[in-house]
Structure formats: C-alpha cells, structure tokens
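Please keep the sequence and the model at hand while reading.

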Amino acid sequence: MNAYQKDNDIFLRPKSLDEYIGQEKLKNNLKIYIGAAKHRKETLDHVLFYGPPGLGKTTLANIIANEMESKLILTSGPSIEKPCDLAGILSEIEPNNILFIDEIHRLPRSVEEVLYSAMEDFKLSIIISRDNSSKTITIDLPPFTLVGATTKIGSLSSPLRSRFGIVEKINFYKVEELAKIVQRTSSVYGLSIDKKSCIEIAKRSRGTPRIANIIFKRVRDFAHYQKLRRISYENCIKSFENIGIDELGLDSVDLKYLDTLVNRFNCGPVGLDTLSSYIGEEPENIEQVYEPYLLKLGMIDKTLKGRVATKKAIEHLKSNNY
C-alpha cells in the first residue's frame with residue numbers, strides 16, 4: 001500500500017460529529033456533553049461506549065478528541081498487563097488529554113484498582129516493594145477524560161463501570177445510513193459509484209460500517225482490475241458472487257454455522273463449544289463476530305441449553321441450496 005492509500009484510509013474516519021453518519025441520539029447527547037464541558041472549561045466526563053465490533057467506537061474517540069481540541073492517546077486492555085504499564089501511560093498524560101482504552105473489559109483486576117483513583121480523583125497510587133517492605137507513592141495527575149470501549153459490557157466489573165459518567169450503546173446501522181457511508185468512502189477514494197450499488201453493499205454489511213468499507217474495497221478491486229472508472233450495479237453483483245457474500249451479507253462461515261445447527265443437529269439446542277469444533281472457529285470469534293448478526297436477523301436464538309435455529313434460518317438455507 002502506498003502513502004496516498006494510507007492517507008485515504010485515515011481520512012475514511014470522520015473528524016467531527018457533524019460528519020459522523022448514523023447514531024443520531026448518541027451524537028446529539030455527545031454534542032450536549034462536549035458543548036457543556038467546553039462552556040465550563042472543564043474536561044469531559046469519562047465515557048464508555050459498548051456494542052458489537054466495527055460500529056465506530058474508535059472513530060468516536062477520535063472525534064471526541066477533535067471536538068475537545070485535545071490529544072488522543074490510544075491503547076487497549078490486553079496491552080496493559082500490570083499496574084506499572086498503566087502508570088507509564090498515565091504519567092505521560094497532559095491536561096485535558098483523551099485516553100482511549102479499547103477492549104477495556106480485558107483489563108486485569110490489579111490494573112483496574114489503580115485506574116479507580118485515577119478516574120475519580122486524578123491521582124495515581126503505586127505500591128513500591130523494596131527490601132521486604134513496601135510503600136505507596138501517590139502522584140497527582142492532570143485532569144483527563146478516559147474513553148473506554150467494550151464489546152462485552154457484561155464482562156466489565158461494576159466498580160469500573162460505575163466510574164463512567166457517560167455510558168452509550170452503539171447500535172447496528174440502518175441500510176440507508178450504511179449506503180451514505182459507502183458513498184462517502186467512494187468519494188474519498190475517488191471512484192464513482194451509483195446509488196443502487198451503494199444500497200446493495202449496505203445490505204450486505206451486517207449493519208456495520210467497518211464491513212461496509214471492507215466490501216467496498218473488494219468491489220473496488222474488481223473494478224480496477226477491469227480498468228473501470230465507475231462501479232455499476234452489475235459490477236457489484238458479480239463481485240459479491242466472487243467474494244462469497246449472499247444478499248443478507250452472510251458468508252461461508254455464517255452458512256456453515258447455520259447448516260451445522262439445522263442439518264447436523266436438527267435445529268438444536270447446541271452448545272457453543274460443540275458448534276465451534278464443527279465449524280472450525282474459535283468460540284469467542286463466533287460469539288462476538290457471527291452470532292450478534294444472526295440474532296439480529298432472527299435466524300438463531302440463545303437458550304439455557306444452547307443455540308437454536310429458527311424457521312427463518314431453515315428457509316434461508318433452502319434458498320441457498322443447503
């Protein structure tokens with residue numbers, strides 16, 4: 001990928017709430033919270049975003065930093081293994097910085113406990129052990145805003161969750177919103193696309209902007225390979241066939257999941273681990289990537305005994321010759 005393409009990938013992210021497409025209620029709330037904080041010349045209260053992956057949590061963190069005219073510091077839960085790792089990050093924070101922690105539910109409990117006082121009192125308390133003795137050192141921190149993101153709100157501890165003043169759920173996007181995102185992406189990349197094609201890509205994007213952009217890029221590859229200057233409806237449909245995405249946005253893994261559930265286990269109930277072993281995907285991947293959309297479509301249900309296929313799943317498999 002050349003430098004121009006890298007720049008374009010960065011520019012795919014909107015820089016302000018006005019540019020951001022979809023999530024209208026969330027955007028309106030953020031405008032009020034940010035506007036009020038700036039009016040009072042205070043830092044924004046700590047923010048927690050939750051929802052399935054690819055819906056724009058990182059993008060919103062970038063936008064908050066831009067709207068607050070602040071610097072954004074990015075990290076993730078898995079990368080902060082020890083309290084000293086967090087201390088290193090917090091010690092570099094400047095006044096009004098935005099600290100974004102992705103997958104915040106994966107923070108170790110020992111790290112969480114250090115984070116509590118940092119969020120509430122802007123103080124960093126570190127226990128230093130030396131010569132069989134230990135002492136606590138407390139360092140004052142400048143006011144900052146923590147923006148946390150999680151795909152598993154239920155895995156977040158109650159003490160940590162209660163320290164976020166702003167908690168917002170990010171929902172799946174509507175087809176018309178995704179079509180606008182695809183149109184914007186095509187403009188960034190300088191490749192014309194008709195409205196009908198934008199809608200077809202949106203329909204297959206599983207309600208997720210990240211997937212919409214990925215599909216657009218693959219359709220764009222097919223268009224460029226054929227030396228086309230415009231993506232047409234016919235180009236789109238042919239690309240979908242080659243990529244292996246059906247009219248609902250289901251790919252080979254989704255269909256294998258449904259086929260296993262319906263035809264191998266007579267519609268269930270089936271446990272997650274059993275499904276995982278049959279289709280060759282990690283349980284966590286199935287639960288976070290595939291099942292949320294299948295649940296949204298009404299093709300599966302989760303019960304205490306396991307996953308169950310619905311009539312809609314059976315009909316969809318028949319239409320795809322399974």
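## Overall make-up and helix α3

The protein chain holds 14 helices and 11 strands, where helices (H or I, at least four residues) and strands (E, at least two) are DSSP runs numbered from the N terminus. This is a predicted model, in which local features need pLDDT of at least 70 and side-chain atom pairs count only at pLDDT 80 or more, whereas totals for chains, interfaces and linings use all residues. Residues are numbered from 1 along each chain as its sequence is written, and side-chain values use heavy atoms, with hydrogens and water left out.

Some values for the whole protein chain are collected here.

| Property | Value |
|---|---|
| Box filled by the C-alpha atoms, along the principal axes | roughly 70 × 50 × 35 Å |
| Accessible surface (Shrake-Rupley method, 1.4 Å probe) | about 16,800 Å² |
| Share of that surface belonging to carbon and sulfur atoms | 49% |

Of the 322 residues in the protein chain, 46% are buried, that is, under 20% relative accessible area with a 1.4 Å probe, counting protein chains only.

Helix α3 (residues 57-67) is largely enclosed by the rest of the structure, because eight of its 11 residues are buried. Those buried residues are Lys57, Thr58, Thr59, Leu60, Ala61, Ile63, Ile64 and Ala65, and they pack against α2 (24-40) as well as the strands β1 (47-50), β2 (72-76), β3 (98-102) and β6 (145-150), a contact being heavy atoms within 4.5 Å. After α3 comes Glu69, whose phi is positive, near 55°.

Definitions and conventions:
Buried means under 20% relative accessible area, exposed over 50%, partly exposed in between (1.4 Å probe, protein chains only).
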